[in-house]
Amino acid sequence: MEEQDYIQFEAYLVGDLSEEDLLAFNMRLESDPEFNKSFEIYKDLTSNLEHQIANEREIFDFKANLDVISSQHFNAIHDEDLIIKPSPTSNFYKYAVAASVVILLGFFVFNQFGSPSYDDYNNFDAISLTVRSAEDDSFSKAEQNFNSQNYDDAIVVFNTILEADFSNLEIQLYKSIALVETNQFEEAEVLLNKLSNGNSAYKNKAKWILALNYLKQNKESECINVLKTIPQDAEDYKTAQELMKKLD
Amino acid sequence: MSDKKLHEDQKYIDGLAENNAFIIQAIYDKFAPKVINYIKQNSGDAYDAQDVIQETIITIYNQAKQKKLQLTCPFDAYFFLLCKRKWLNQLKKSKGKEVTINEEVLSKDDDAQVLSFETSIFENKQALFNEMFQQLGDACKDLLKATFKIKSMEEVAKSLDITYAYARKKKSLCIGQLTKLVKASPKFNRLNY
């Protein structure tokens, strides 16, 4: 196709071809199969771009919602399977549960005394991305880097993933944690503000991380202001309340 | 398709497009168990089923938002065929696994076959389109992102400090470049153009 053809496609879709040009255009659609095919692709590309870019926020929210409902539905099933027949995948699950218990214990012991600092609270759970997309190498790299606290490397891989799937908010959340860990506070703040002002299931988690972002910079009043917005039904509500008391 | 009667299960399609949590929940409660059973009987486990179902729902959502998907068959049959096809394709990809197809659970619903096939094609298109978008230069990427986010071409031109005519010309040439990339891809023949 020539440049002129694509310009015509656009003019046709916008609806400002002259009557004469429109007639010629329609005739060519019928008589020239390559022209027709290219036009169909052009049209589908336009519709796809429009959806992915204009609905970015909505897609983001939908995926978060779906994630939560899917986990709720499948956690009971995975637990059942664990009891019936332990498989390599469910072993991983057992270790993950064990690990998070250890993390929780450590967290409570650690938290008994002293004035609060970021390091008291940055015991992030191990993330698991490979179950979801076994064939994708970058997900397993991201997971490894993040879980072994190579946050700089993790950010590089998160960015690769986000380039292909910019509305993946789970990755955006993990990236924000990695940003806080590596003291890139401003970028973290922008990302976390976007996540916590959204309407997704990651909203409250993002608020908590945003509070930690301020805590790490010793911005206590900003930290308290964010902590106040974490609602009672949020996973981190209790910890947020405790932190708020200690800061007061 | 347009002259066919919409099935009452269209409510699931509309609910997904609206991000209605009750509808998503209902889809899991009503239609997931059959898929989980099928995948477990065919060399998979519940984790595989979780992924297949989640990816399938995202595809239906994307198509529903973009193409106004019109369901003329029960959602059950349509959804099951999509999940089944996705799972069998994954099995084919990962070598060494024997593919057993339990014929009893195959649906005979013609509309469901046609519609689920269209959705699979839609999914292939979207995957390839997104892949090719990444191959565009930054100038095209930025212009297209601005174009579809801001919608008014006049404002896009203003924000990028170029004239309206030039912005529109660039937009059509960038999408033209994408068209060429898509056509030249080895995966193009899977798109049914």
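Select B:Cys140 and B:Cys174 to begin: both are buried (under 20% relative accessible area, with exposed meaning over 50% and partly exposed in between, using a 1.4 Å probe and protein chains only). This is a predicted model, in which local features need pLDDT of at least 70, side-chain atom pairs count only at pLDDT 80 or more, and totals for chains, interfaces and linings use all residues. Residues are numbered from 1 along each chain as its sequence is written, chains are lettered from A in the order in which they are written, and side-chain values use heavy atoms, without hydrogens and water.

Stay on the two cysteines. Their sulfur atoms are 2.1 Å apart and form a disulfide (cysteine sulfur atoms within 2.5 Å). The torsion about the S-S bond is about -90°, so the disulfide is left-handed. B:Cys140 sits in helix α6 (residues 138–150) of chain B and B:Cys174 in helix α8 (residues 164–184) of chain B, so the pair ties together parts 34 residues apart in sequence. Helices here are DSSP runs of H or I, at least four residues, numbered from the N terminus.

Next, show chain A beside chain B. Here 52 residues of chain B are in contact with 51 residues of chain A (heavy atoms within 4.5 Å).

Now select A:Glu56 and B:Lys149. They form a salt bridge, with the closest N and O atoms 3.2 Å apart (a Lys or Arg side-chain nitrogen within 4 Å of an Asp or Glu carboxyl oxygen). For the side of chain B that touches chain A, colour α3(B), which gives the most, with 15 residues.

Definitions and conventions:
Helix = DSSP H or I, 4+ residues; strand = E, 2+ residues; numbered from the N terminus.
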